[in-house]
Amino acid sequence: MSASETLRQACLEDWQAATQHAFTAQLADGSLPKEKMAWYLIQDYSFLENFVRLLASAVAKAPSLADAVPMAQFLGVVTGPENTYFQRSFEALGISVEARLATPLGDTTLAFNQVMAKAADSGCYAEIMAVLTVAEWSYLTWATPFNPPAKTLPFYFAEWISLHAGPDFEAVVAHIRQQFDAAWLDLDEGERERVASAFKAAVTLERRFFEDAFTAR
């Protein structure tokens, strides 16, 4: 069993709770209240800066150009189409820049930003890839059953699904997992404990983030 799968199995309860959440089920069937989606997107957009730094760190630390290229290409998607999706969604949901900046970040949001920043600053390729693996694999897992999205969905629901499913995103996640699994092999016992802790923390925070978004008022 691969390292990524072994670590996923070790925190399976949180993983399943995060990837089979009522929030994403309602997002996919269009019944999610707009105010909950608005809160979620404001919080999620705050991740973008740290996520870009994390992904850029992965590109910089990749063992070879062949290892780096798929992640560099994905970085273009995150800073291009995904960033544009957020701006269009904020406009459609009536969220001004002032309102977005005035919305307090939740404790889970702040904690997740800290986990990403810590991994990026660690200089440890395996730790960087551990957090990236959780972030992207968990989203592929929840989004895939709902892809392609219903044609009747507003774009701010439908495109959030399609951004995280389909062959291109599957290939990105497969590459990230492969990079993590390979990096894991070179770690000593102490390093493995630290990296496993980062993986578990990220899974726990994914679950908490959806729970926070679902109960947002």
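Which residues of helix α9 (residues 155–162) are buried? The views below take that up, then turn to the cavity and the pockets. This is a predicted model, so local features need pLDDT of at least 70 and side-chain atom pairs count only at pLDDT 80 or more, while totals for chains, interfaces and linings use all residues. Residues are numbered from 1 along each chain as its sequence is written, and side-chain values use heavy atoms, with hydrogens and water left out.

**View 1. The buried side of the story for helix α9 (residues 155–162).** The buried residues here are Y156, F157, A158, W160 and I161; buried means under 20% relative accessible area with a 1.4 Å probe, protein chains only. Among the elements covering them are α3 (22–29), α4, α5 and α8, where contact means heavy atoms within 4.5 Å. Helices are DSSP runs of H or I, at least four residues, numbered from the N terminus.

**View 2. The largest cavity holds about 240 Å³ of space.** A cavity is a set of points on a 1 Å grid over the protein atoms alone where a 1.4 Å probe fits but cannot get out, and lining residues have an atom within 4 Å of a point. Grid points are joined across faces, edges and corners, and a volume is the space filled by probe spheres set on the points. The count comes to one cavity of 30 Å³ or more. Its lining takes in 16 residues, with D44, F47, F51, A135 and E136 nearest the centre. Two or more of the lining residues come from each of α4 (34–61), α5 (65–92), α7 (107–122), α8 (125–143) and α11 (189–215). Top contributor is α4, with four. By class, the cavity lining splits into eleven nonpolar, one polar and four charged residues; Ala, Val, Leu, Ile, Met, Phe, Trp, Tyr, Cys and Pro count as nonpolar, Asp, Glu, Lys and Arg as charged, and the others, Gly among them, as polar.

**View 3. The largest pocket comes in at about 230 Å³.** Of its 15 lining residues, F74, V77, D168, F169 and V172 sit closest to the centre. A pocket is an open set with protein on both sides within 12 Å along at least five of seven lines. Both α5 and α10 (167–184) supply at least two lining residues, and α5 gives the most, with five. Eight of the lining residues are nonpolar, four polar and three charged.

**View 4. The second largest pocket has a volume of about 190 Å³.** Around this pocket you'll find I42, Y45, S46, L48, E49, N50, R100, L101, T103 and L105. Helix α4 gives the most, with six residues.

Definitions and conventions:
Buried < 20%, exposed > 50% of the residue type's maximum accessible area, 1.4 Å probe, protein only.
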